[in-house]
Amino acid sequence: MSKSVSLTMISSLVLVVEDDEDIASLLERYLARAGYRTTKASTGLSALTHVQRLQPDLILLDIGLPDIDGFDLLTKVRGNSTVPVIFLSAMDDSTDKLLGLKLGADDYVTKPFNPQEVVARVGAVLKRTRGVAASEVIRHDDIEVQLDSHIAIASTEKGRVELPLTATEFRLLVCLLRSPFKTFERASLLDACLPESDALDRTIDTHIGNLRRKLAEFGQEGYITTVRGIGYRFARSTGV
């Protein structure tokens with residue numbers, strides 16, 4: 001095992017949801033070499049059971065499953081879990097990629113792929129989820145992020161409520177909160193939140209849309225302002 005693999009990565013459990021046994025076994029071998037624990041599922045139903053019982057740290061999810069479409073499965077998972085998800089798909093279509101991200105996926109890998117690249121993507125997503133400074137808390141108005149526990153909290157009329165953010169949405173919120181009122185270009189947000197991804201700049205729009213919607217669901221509207229032709233800024237809208 002490589003000495004560069006951290007204890008956090010070694011303890012991480014990756015669920016491989018893939019109906020092709022050869023591909024699933026290949027991914028498991030490369031993940032195991034990198035120090036990850038793995039388990040696999042060949043159907044969507046068995047994957048849901050694993051998610052509930054094992055609570056994996058990350059899911060590699062094939063879209064073309066025999067019983068449940070990968071998009072539908074992700075929707076079911078997102079009903080009660082924010083576990084990071086990386087899509088695996090034979091469809092190299094920007095529309096499918098954007099749909100996956102809109103549903104809450106954290107990354108998207110197209111088949112055929114280099115298994116070493118997939119392992120690198122897994123590491124990058126887990127680092128975005130866990131690789132933050134301990135005990136650091138960032139606050140702005142009614143929103144707070146606790147970096148050590150990877151929790152985002154909104155102060156509402158009913159009290160403090162944890163926001164159900166994906167790993168990428170959390171990373172994006174942290175980036176914006178660190179420099180409120182600063183205008184970020186899409187490319188810089190992409191580099192900060194998806195450094196290992198080859199996604200287009202416009203995928204940030206999808207993540208921003210998801211983040212805005214979740215903030216609004218808990219009464220936190222108007223925080224993320226679109227700066228036309230540039231990107232986004234975090235601050236309450238003044239209505240001007």
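Mentor: Let's begin with a term: two strands pair if DSSP finds at least two bridges between them. With that in hand, look at Ala154, whose bridge partner in strand 9 is Val161. And keep in mind that this is a predicted model.

Trainee: How do you know that strand 8 and strand 9 pair?

Mentor: Count the bridges. Strand 8 (residues 151–156) and strand 9 are joined by 4 bridges, in the antiparallel sense. The cut-off is at least two bridges, so this counts as pairing.

Trainee: What makes strand 6 and strand 9 edge strands?

Mentor: Start with the sheet itself: it is open, has 4 strands in the order 6-7-8-9, and its pairing is antiparallel. Strand 6 (137–140) and strand 9 (159–162) each pair on one side only, and that makes them the edges. From one strand to the next, the twist averages 20°.

Trainee: Which helix lies across strand 6, strand 7 and strand 8?

Mentor: That's helix 7 (residues 167–178), and it runs at about 115° to strand 7 (143–146).

Trainee: Why is helix 7 called roughly perpendicular to helix 9?

Mentor: Helix 7 and helix 9 (residues 203–217) pack at about 85°, with their axes 10 Å apart. Angles of 65 to 115 degrees count as roughly perpendicular, so helix 7 gets that label relative to helix 9. In the contact, Thr168, Glu169, Leu172, Leu173 and Leu176 of helix 7 meet His207, Ile208, Asn210, Leu211 and Lys214 of helix 9. By class, the residues there are 5 nonpolar, 3 polar and 2 charged.

Trainee: Which residues meet where helix 4 and helix 5 touch?

Mentor: On the helix 4 side you have Phe71, Leu74 and Thr75, and on the helix 5 side Asp96, Leu99, Gly100 and Leu103. That contact has 4 nonpolar, 2 polar and 1 charged residues.

Trainee: Let's zoom in on Leu103. Why is Leu103 called partly exposed?

Mentor: Its relative accessible area is 28%. Buried means under 20% and exposed means over 50%, so Leu103 falls in between and is partly exposed.

Trainee: What does Leu103 touch, leaving out residues up to four places away in sequence?

Mentor: Phe71, Leu74, Thr75 and Arg78. Leu74 is 29 residues from Leu103 along the chain, yet their C-alpha atoms are separated by 7.1 Å.

Trainee: What makes you say both faces of strand 5 are covered?

Mentor: Check each side of strand 5 (residues 107–110). Asp107 and Val109 on one side are buried, and so are Tyr108 and Thr110 on the other. Strand 5 also pairs with strand 4 (residues 85–89), in the parallel sense over 4 bridges. In that pair, Ile86 has Asp107 as its bridge partner.

Trainee: How many helices and strands does the protein have?

Mentor: There are 9 helices and 12 strands. Of the 240 residues, 48% are buried. And among contacts between residues at least 6 apart in sequence, 58% join residues at least 24 apart.

Terms used:
Residues are numbered from 1 along each chain as its sequence is written. This is a predicted model: local features need pLDDT of at least 70, side-chain atom pairs count only at pLDDT 80 or more; totals for chains, interfaces and linings use all residues. Side-chain values use heavy atoms; hydrogens and water are left out. Contact means heavy atoms within 4.5 Å. Ala, Val, Leu, Ile, Met, Phe, Trp, Tyr, Cys and Pro count as nonpolar, Asp, Glu, Lys and Arg as charged, and the others, Gly among them, as polar. Axes are lines fitted to C-alpha atoms, for helices over the stretch in contact, and angles run from 0 to 180 degrees between N-to-C directions. Buried means under 20% relative accessible area, exposed over 50%, partly exposed in between (1.4 Å probe, protein chains only). Angles under 35 degrees count as roughly parallel, over 145 as roughly antiparallel, 65 to 115 as roughly perpendicular and the rest as oblique.
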